[in-house]
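Me: Could you walk me through reading a protein model, one feature after another?

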Amino acid sequence: MSTRPPIALSIAGTDPSGGAGIHADLKTFTARGVLGTTAITALVAQNTHGVSRVHPIDVDFVSDQLDSVLGDMPVDATKSGMLGTRALVDLVVARAAESDLGFYTVDPVMVATSGHRLLEVDAVDAVRTRLLPVADLITPNLPEAALLLGDDMPEARTRDEMLDQARRLLDRGTGAVLLKGGHGSDDEVTDILVTADAVTEFVHPRIATPNTHGTGCTLSAAITAEVAHRKHMGGLAEVDGEVLAAAVDAALGYLGRALRSAAEWQVSLDPAGAHGPVDHQVDIVRH
């Protein structure tokens, strides 16, 4: 009988409005039944209208946070979101080599929905060449995939283009790619999971809602939680493609419920142009 819950780690920036970043990750971890731990990379002033300021955390202090968690607790799965600088990318790459991060998911946060850049220009190449090869899974959206591939790669617009770009990213050395189709315009959203052995497509209706702030963070955190749960409760040393596909399917189901539940929310005092959060508590009983 297990004497501890599954444990997940998020390496990311903050969001005082609660919709994205560390705040969304911890709520998602709790909702999915795992113990959430964190290493904060940046303090971010943002709300439903966008990012106004970013204050990067000193690399040595981020390292101390990682020491605090990884030196004390057995982490089953890790996700990173906003890293921001090349120095932080290098730190996480080094930790992936030195420490047991468990199953490691990279959400390649580069630009906020509002257009504010969240990854320094000189850090993009480090993500492409150093971070992707140490990731077990990356979860780019369509603009992020094009940026990661470089060479003025246009955003994928068809299923075949998505599949081609996902395979190109897989060739960069990452274990698996979940290319998210939410930035498309079709009535249905197609997300494609590509591993060395299989291609799995997840097709679901597009949910009409302005409240999409933090969906990428929430999905990657939900996948991390689902993998952590399956690894720990199943005593798995490795996560194969079948287990990963099941984790992604469960995470997408959770995100869909959270989007639908919050579709009519108006949490901003100035709702015009606001993008509110999803309902992270959708599966939790409210009193």
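The talk below goes through a cavity, the cores and a hairpin.

Me: What should I keep in mind first?

Reply: This is a predicted model: local features need pLDDT of at least 70, side-chain atom pairs count only at pLDDT 80 or more, and totals for chains, interfaces and linings use all residues. Residues are numbered from 1 along each chain as its sequence is written, and side-chain values use heavy atoms, with hydrogens and water left out.

Me: Which residues line the largest cavity?

Reply: Lining residues have an atom within 4 Å of a point. Among them are L83, V106, D107, V127 and L131. The lining divides into 8 nonpolar, 1 polar (Gly counts here) and 1 charged.

Me: Which residues have the most contacts inside the largest nonpolar core?

Reply: A nonpolar core joins buried residues (under 20% relative accessible area) through side-chain atoms within 4.5 Å. The largest has 43 residues, and L66, V127, L131 and L169 have the most contacts inside it. A second, separate core of 31 residues includes A31 and L178.

Me: And which strands form a hairpin?

Reply: Strands are DSSP E runs of at least two residues, and two pair if DSSP finds at least two bridges between them. β9 (residues 188–195) and β10 (residues 199–205) run antiparallel, joined by 7 bridges. They form a hairpin with 3 residues between them, and V189 has H204 in β10 as its bridge partner.

How values were computed:
1 Å grid on protein atoms, 1.4 Å probe; cavity = no way out; pocket = protein on both sides within 12 Å on 5 of 7 lines; lining within 4 Å. Buried < 20%, exposed > 50% of the residue type's maximum accessible area, 1.4 Å probe, protein only. Helix = DSSP H or I, 4+ residues; strand = E, 2+ residues; numbered from the N terminus.
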